[in-house]
Amino acid sequence: MSEGEETKNKSRRSPATLRRLLAYLRPHRGLFIPAALALVVTACLSLGFPYFMSELVGGARDGGELDVAHVSANVNRIAITLAILLAIQAAVAFFRVIWLNKAGERAIADLRRDTYGHLVRLPMTYFGENRVGELSSRMSADLTTLRDTLLQTFPQLVRQSVMLIGGLIFIFFSSVKLSLFMLACLPVVVLLVAFFGRKVRNFTRVAQDELASSQVVVEETLQGIESVKAFHNEPNEETRYGNALSRYIHAVIKGVHFRAAFISFIIFVLFGTITLVMWYGARMLADGAIGTTEFTRFILFSIFIGASLGSLPEIIANFSKAMGASDRICEILDEDMEEANPEGISEGRLAGAVEVRDLHFAYPSREDVTVLDGLGFSCQPGERIALVGGSGAGKSTVINLLLQFFKPASGEVLFDGKPASAYSLSHLRSQMALVPQEVLLFGGSILDNIRYGRPDATDEEIREAARKANAHDFIAEFPEGYETLVGDRGLKLSGGQRQRIAIARAVLADPAILILDEATSSLDSESEHLVQEALDQLMEGRTSIIIAHRLATVRDADRILVLRDGKVAESGSHDELNAQADSIYRMLSQLQFG
């Protein structure tokens, strides 16, 4: 599809997606509808001001002079009437603001909740194709745009629409001939409003995409701030961010040119039209074709109409942003979630038997590169299986397939003799626990991070899990103990401390199948000893699948599988494989131990 066709499709889709998101107001219509009605009421009351002012100022005249007696007789009544209208308008506006904000904030909160819930349930392939910074921008900037449109731009639209329609009605009552003359000038305005509005919407979407790209740079830089500083790449990151901002500014400026042309057009044509109408009306007044009261009323309401039309550029620009934002949010909501298989087996603890049958797999982003090519192995409940091999042999891919992050092109994974598809996804993953090489801790307390393994665990169960993971002693040394905040991604803790918290998390989860992905490879000797001791206790009585580059950590495995080119090249215990003169394992062992 060409870029033009894609833009055209997005333009057609924007109003539909915006209406779809506005459906989130339906549960809150008990507040939203009264707020909308209150908007109409306050706008209608505003029309009373030019009407009564025309009654006062445009009263009877004698010989061209103002009828002072007429003004004196009516000024108090009209002033009191206007004061009453103002008081009613203020009271209604008070409740309107409360009702609209309650309905709007709750609706946007529901949308945020649904978008986030959908996002975290998307398959891993989606996160491989979309950058975190862009997704974060959608969750923040785009939803904020929708909120501002609902709470600020929508009231403006209703108010100006009522003022425009009401003003037109009043000027028709004032003079049909003069009103038709004015309306004859409007079609050109309306057509150009539609043209400029579409252009502004397209440029707005491009600008939002570029802003999201700049947010990606910020996210990546802050996530990898250690590497940025270690390599003294602050200037490069500034340049990268500056380039992203330049693309954003370029897109914004292109949109600004259209908006500037639109505003200039509105100023020239709108006020030029009003001037022309006033000239024509003055001629009618001089000829006696219209009375002074009607002409004064026509002028005042024409000013209101002009103000309403003058606000259109800003309203259209804001709605254009909202339509672009709604497209981007709906792109997330329209993505297919993981196949959760809620009808599958969802009860009972697994014994822990795992079998991999003839797996073939290539990552969606690199379909031409075969990672697994007929891989097969099995392990019995409680058995410790180690996967070793060079980089790219497929070790981590096996873990991804066990956890059902990806689906194989062919072959299957079985648990306790049943295919993975026979289980509900949540139940299957609840039976496994992963201790990764790089532990990601969330920015809360140590207690919260351990509880992540089982959210309903008690504080005492968490402390017991920490003891089994050799983590309780160092936690107890902190002044705030288990309430100690770990910092962003756990940076306030050492690598060994983070690993032991991850192990405590796995202990608390009490899995049937334990997956260790290079769990000790980045630790110093003392930390490795403490972590390995905790792992040995954790692996007791569980099926354990261990990935390791450091062969010293897998010597005690029941069976070692050596992967090569996506297949099991060798299988056996440490001693058995070392005894084979030409084995890959023996070569790897000699390279590490000499």
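Trainee: How many nonpolar, polar and charged residues are in the lining of the largest pocket?
Mentor: The lining has 30 nonpolar, nine polar and ten charged residues. Keep in mind that this is a predicted model.

Trainee: What volume does that pocket have?
Mentor: About 2,700 Å³.

Trainee: Which residues lie nearest its centre?
Mentor: M124, F405, L440, F442 and Y452, out of 49 lining residues.

Trainee: And which helices and strands each supply at least two residues of the lining?
Mentor: Among them are α4 (68-120), α5 (124-129), α6 (132-174) and α8 (186-223). Further along come α13, α14 (425-430), β8 (432-435) and α18 (495-509).

Trainee: Let's stay with α13. Why is it described as largely enclosed by the rest of the structure?
Mentor: Helix α13 covers residues 395-402, and seven of its eight residues are buried, so it is largely enclosed.

Trainee: Which ones are buried?
Mentor: K395, T397, V398, I399, N400, L401 and L402.

Trainee: What about phi at Q404?
Mentor: Q404 follows α13, and its phi is positive, near 65 degrees.

Trainee: New topic: N318. Where does it lie?
Mentor: In helix α12, residues 312-333.

Trainee: Buried or exposed?
Mentor: N318 is buried: its relative accessible area is 15%, and the cut-off for buried is under 20%.

Trainee: What does N318 touch?
Mentor: T149 and T153, leaving aside residues up to four places away in sequence.

Trainee: Last one, G291. Where is it found?
Mentor: In the loop between α10 (234-286) and α11 (292-310). G291 counts as partly exposed, at 29% relative accessibility.

Trainee: What separates the C-alpha atoms of G291 and S174?
Mentor: 8.9 Å, although the two residues are 117 residues apart along the chain.

How values were computed. Residues are numbered from 1 along each chain as its sequence is written. This is a predicted model: local features need pLDDT of at least 70, side-chain atom pairs count only at pLDDT 80 or more; totals for chains, interfaces and linings use all residues. Side-chain values use heavy atoms; hydrogens and water are left out. Buried means under 20% relative accessible area, exposed over 50%, partly exposed in between (1.4 Å probe, protein chains only). Helices (H or I, at least four residues) and strands (E, at least two) are DSSP runs, numbered from the N terminus. Contact means heavy atoms within 4.5 Å. On a 1 Å grid over the protein atoms alone, a cavity is a set of points where a 1.4 Å probe fits but cannot get out, and a pocket is an open set with protein on both sides within 12 Å along at least five of seven lines; lining residues have an atom within 4 Å of a point. Grid points are joined across faces, edges and corners, and a volume is the space filled by probe spheres set on the points. Ala, Val, Leu, Ile, Met, Phe, Trp, Tyr, Cys and Pro count as nonpolar, Asp, Glu, Lys and Arg as charged, and the others, Gly among them, as polar.
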